[in-house]
Amino acid sequence: MRLRHLVFGLNVGGTFSVATWNINGVKARIDALLAWLAEAKPDIVGLQEIKSVDEGFPRLEVEALGYHVETHGQKGFNGVALLSRVSPLEVMRRLPGDESDEQARYIEGAYPFGTRIIRVGCLYLPNGNPLGTEKFPYKLSWMKRLEQHAAGRLALEEIFILCGDYNVIPQAEDCAEPDQWVGDALFQPESRQAYGRLINLGFTDAVRAVTGAPHVYTFWDYQAGAYQKNNGIRIDHALLSPEAAQRLRHVRIDSHVRGWEKPSDHVPVVVSLAA
DNA sequence: ATGACGAGCGTGGCTCGA
């Protein structure tokens with residue numbers, strides 16, 4: 001038996017929560033999104049794979065729950081969004097470093113946080129499969145751009161959370177069946193090394209800051225009963241700047257959402273910071 | 001070894017995902 005609802009660390013009051021969730025189509029997932037927002041009441045949410053243009057985002061329904069909505073959409077694929085209880089002070093769309101990149105995979109917002117600000121970067125990192133096509137070098141070049149952008153953000157010494165679907169399995173213990181992922185872009189040494197370089201800029205992987213436990217996953221394939229078998233992978237990550245990490249209170253993976261009707265194949269990851 | 005699922009786009013059967 002395994003835990004359906006995983007909570008790590010001490011749950012204490014006075015916290016501010018930031019969540020990341022690859023929702024796999026916001027229009028197909030609107031009921032689950034609204035139910036989860038009502039249940040989890042996060043302060044800020046980064047969504048990935050909204051698979052919608054900006055005009056198609058179900059904005060009114062989300063606003064009715066008290067959230068401000070910022071989107072960076074694209075027709076059919078990709079697309080990211082930020083939901084927040086308070087309006088952002090500023091929003092940036094697109095990852096810098098390649099003006100020719102048309103894929104909507106990054107949005108960043110800065111929000112008031114007491115006397116400071118909290119900055120949240122929401123990313124949908126390229127999958128990179130199959131190897132041997134242009135998709136894998138695109139993934140690696142995107143990661144290089146991310147590393148460069150993240151280094152600049154860390155230099156600001158802000159409370160900064162860089163979260164999203166990284167499409168990287170960092171270590172063998174982050175997947176149930178490592179043999180299944182050999183030869184996959186998510187588990188390639190180049191992908192994992194690039195993720196390691198990003199961490200080594202000074203980030204803390206929030207989940208690994210609070211637990212070394214195995215079988216902690218954020219994605220289960222729709223096929224072959226992966227969720228029922230707990231054949232998952234941990235690819236949705238929240239990386240914390242030092243200023244964010246020192247405020248970390250707890251981390252939650254809402255695994256139970258994967259068991260809902262019409263689920264996304266990913267589940268929300270929620271980090272709570274001392275307010 | 002392959003396919004299994006699912007969403008989007010658009011109404012047939014692709015592409016894309018992980």
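Thr71 has Ala81 as its bridge partner in strand β5 (strands are DSSP runs of type E with at least two residues, helices are runs of H or I with at least four, and both are numbered from the N terminus). The model is predicted, and local features need pLDDT of at least 70, side-chain atom pairs count only at pLDDT 80 or more, and totals for chains, interfaces and linings use all residues. Residues are numbered from 1 along each chain as its sequence is written, while chains are lettered from A and ligands numbered from 1 in the order in which they are written.

Strand β4, residues 68-72, is joined to β5 by 5 bridges, and the two run antiparallel (strands pair if DSSP finds at least two bridges between them). Strand β3, residues 44-48, also pairs with β5 in the antiparallel sense, again over 5 bridges. In this second pairing, Ile44 stands opposite Ser84 of β5. The loop between β4 and β5 contains Asn78. Asn78 is not a glycine, yet its phi is positive, at about 55 degrees. Asn78 counts as buried because it has 20 C-beta neighbours inside 10 Å.

Strand β15, residues 269-274, has two antiparallel partners described here. Strand β2, residues 15-22, is joined to β15 by 6 bridges, and Ala19 has Val270 as its bridge partner in β15. Strand β14, residues 248-253, is joined to β15 by 5 bridges, with Ile253 bridged to Val269. Of the 6 residues of β15, 5 are buried, so this strand is largely enclosed by the rest of the structure.

An open sheet is formed by 6 strands in the order β6-β7-β8-β9-β13-β10, and its pairing is mixed. Strands β6 (90-93) and β10 (204-205) stand at the edges; each has a single partner strand, so one side of each is left without a neighbour in the sheet. Strand β10 pairs with β13, residues 236-240, in the antiparallel sense over 2 bridges. Within that pairing, the partner of Asp205 in β13 is Leu239.

Helices α3 (residues 135-154) and α4 (residues 189-200) pack at an angle of about 5 degrees, and their axes are 10 Å apart (axes are lines fitted to C-alpha atoms over the stretch in contact, and angles run from 0 to 180 degrees between N-to-C directions). The two helices are therefore roughly parallel to each other (under 35 degrees; over 145 is roughly antiparallel, 65 to 115 roughly perpendicular, and the rest oblique). From α3, the residues Lys139, Leu140, Met143, Leu146, Glu147 and Ala150 meet Glu190, Ser191, Ala194, Arg197 and Leu198 of α4. Pro189 also lies in α4. Pro189 is exposed, because 8 other C-beta atoms lie within 10 Å. The C-alpha atoms of Pro189 and Pro170 are 9.4 Å apart, although 19 residues separate them along the chain.

Val168 lies in the loop between β9 (159-165) and α4. Val168 counts as buried because it has 25 C-beta neighbours inside 10 Å. Apart from neighbours within four places in sequence, Val168 is in contact with Leu125, Leu186, Ser191, Arg192, Tyr195 and Ile235 (contact means C-beta atoms, placed from the backbone, within 7 Å). The C-alpha atom of Val168 is separated by 8.1 Å from that of Asp236, 68 residues apart along the chain.

Two further loops have backbone features to report. Pro130 lies in the loop between β8 (116-124) and α3, and the peptide bond from Asn129 to Pro130 is cis, with omega near -5 degrees. His215 is found in the loop between α5 (206-210) and β11 (219-220). The phi of His215, a residue other than glycine, is positive, near 60 degrees. His215 counts as partly exposed because it has 14 C-beta neighbours inside 10 Å.

Key:
Two residues are in contact if their C-beta atoms, placed from the backbone, lie within 7 Å. A residue is buried if 20 or more other C-beta atoms lie within 10 Å of its own, exposed if 12 or fewer, and partly exposed in between; C-beta atoms are placed from the backbone.
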